[in-house]
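Biologist: Walk me through this one, feature by feature. Give me the general idea, then the case.

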Amino acid sequence: VEKKCPWSRLGASDRSSPHSKQDWKPKYPKGVYPDVLSMIGNTPMVKLNRIPQKEGLECNIYAKCEFLNPGGSIKDRMVKRMFEDAERQGLLKPGMVIIEPSSGNTGIAIATVSAIKGYTCIIVMAEKISNEKEAVITALGATVCRVPVFEDSFSRNGLFGTVNRLRKEIPNSFVFDQFNNPGNPLTHYDTTANEILHQLDHKVDMVVFGGGTGGTITGVGRKFREVSPETVLVGFDPEGSKFAFPDSLNSHRNTFWEIEGIGYEFVPGALDQLVCDYWIKINDKESLQMARRLIQEEGLLIGMSSGAAVAAAVKAAKHLKKGDNVVVFMADSIRNYMTKFVSNTWMQAKGFQPCLNPHNFWWWDL
Ligand code: PMP
């Protein structure tokens, strides 16, 4: 060993390089996580350093990196909470089959927690949801049931119609019902909102957020209304969806949009539209082009709704001053969309030319 390993020739004093026990100071708390569930939440926030400046904004935009949760999205938080509540209340017991409607990220989170805790689960998802999400759910050992995207959600073959049918047909089954479950907004009221306030030392001038179930908007929004009433809360909603208030904003005639995870044709029980000071509508093109810019200009490997969030924030924050702080959520990651907006071919086929960074095309001139 002496001869083969060059390090062994160094004396003890030489070995106390920057890596020695004395000099090295950890930047994070000592210890290890006992399980994957303990890794949920406490996500970092990062400043955007190029896009706001290029868009002529004077304020700061901070991105809450929810895609760094272990399941890859913000939905891990509320799924963990719904499991804890249902188990504590004796509603969910070992051996039960969990059935849940989802736009994918809740499905991934439920399949992750089910893998850890040993439950069987069936995730009901619209056909528009990416195959990448289905692949993750299936790899975790859960089953995916697809429903037609143009079907009314409450009809027999729609999202909720199918869940209700499966619930009746499958004995010993259980539905969390994320669209009405009080644990969904409460987890954001108890954790996400407090983390943001702490991370920005309570100096938050604006929060810009979108809704799928409304859990994030309602939970974070209500905490801010109580603790930081001067913060302006702005909701964003895809054209075609009906979440915006007043309803006159929702006059777009399309019933399909590409951005996954936000918006529905009905207002869920978990969404408090009035917690927002105002709402703005966003479209697929501006959102997905912004998602590509977040990847290329900020190095953030995020998903579709993160692009929508920054596109909305750029519109909403135009009048804010230097030093003002705006918060947006990076709800999920690039992993879910490798064959969708991440692909130039897909973007071009949809008519959303990706904004390519000219610095990366220097070789065109050779
Ligand atoms: N973005 C993405 C990608 C999502 O999957 C979701 C949840 N469906 C949201 C945003 C919105 O979260 P919430 O359900 O808390 O409204």
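Predicted model: local features only at pLDDT ≥ 70, side-chain atom pairs only at ≥ 80, totals over all residues.

Biologist: Where is confidence lowest, and where highest?

Modeller: Lowest in helix α1 (residues 12-15), at a mean of 54; highest in strand β10 (residues 325-329), at 99.

Biologist: How many helices and strands does the chain have?

Modeller: Both are DSSP runs, numbered from the N terminus: helices are H or I, at least four residues, and strands are E, at least two. The chain has eleven helices and ten strands.

Biologist: How much of the chain is buried?

Modeller: A residue is buried if 20 or more other C-beta atoms lie within 10 Å of its own, exposed if 12 or fewer, and partly exposed in between; C-beta atoms are placed from the backbone. Of the 366 residues, 45% count as buried.

Biologist: Which residues of helix α5 are buried, and why are they on the same side?

Modeller: An α-helix has 3.6 residues a turn, so residues three or four places apart point the same way. In α5 (residues 131-139), Lys133, Val136 and Ile137 are buried. They share a side because they cover an arc of only 95 degrees around the axis (taken from the directions from the helix axis to the C-beta atoms). They pack against α4 (105-117), β4 (120-126) and β5 (143-147). Glycine 141 follows α5, with a positive phi near 100 degrees.

Biologist: Where does cysteine 145 lie, and what does it contact?

Modeller: Contact means C-beta atoms, placed from the backbone, within 7 Å. Cysteine 145 lies in strand β5. It is partly exposed, with 13 other C-beta atoms within 10 Å. Beyond its neighbours within four places in sequence, it is in contact with Ile122, Val124 and Thr162. The C-alpha atoms of cysteine 145 and threonine 162 are separated by 8.9 Å.

Biologist: Which residues come nearest the ligand?

Modeller: A residue is near if its C-beta atom, placed from the backbone, lies within 6 Å of the molecule. Of the 19 residues around the ligand, Gly212, Gly215, Gly261, Ser305 and Ala331 come nearest.

How values were computed:
Residues numbered from 1 in each chain as written. Contact = placed C-beta atoms within 7 Å. pLDDT = per-residue confidence, 0-100.
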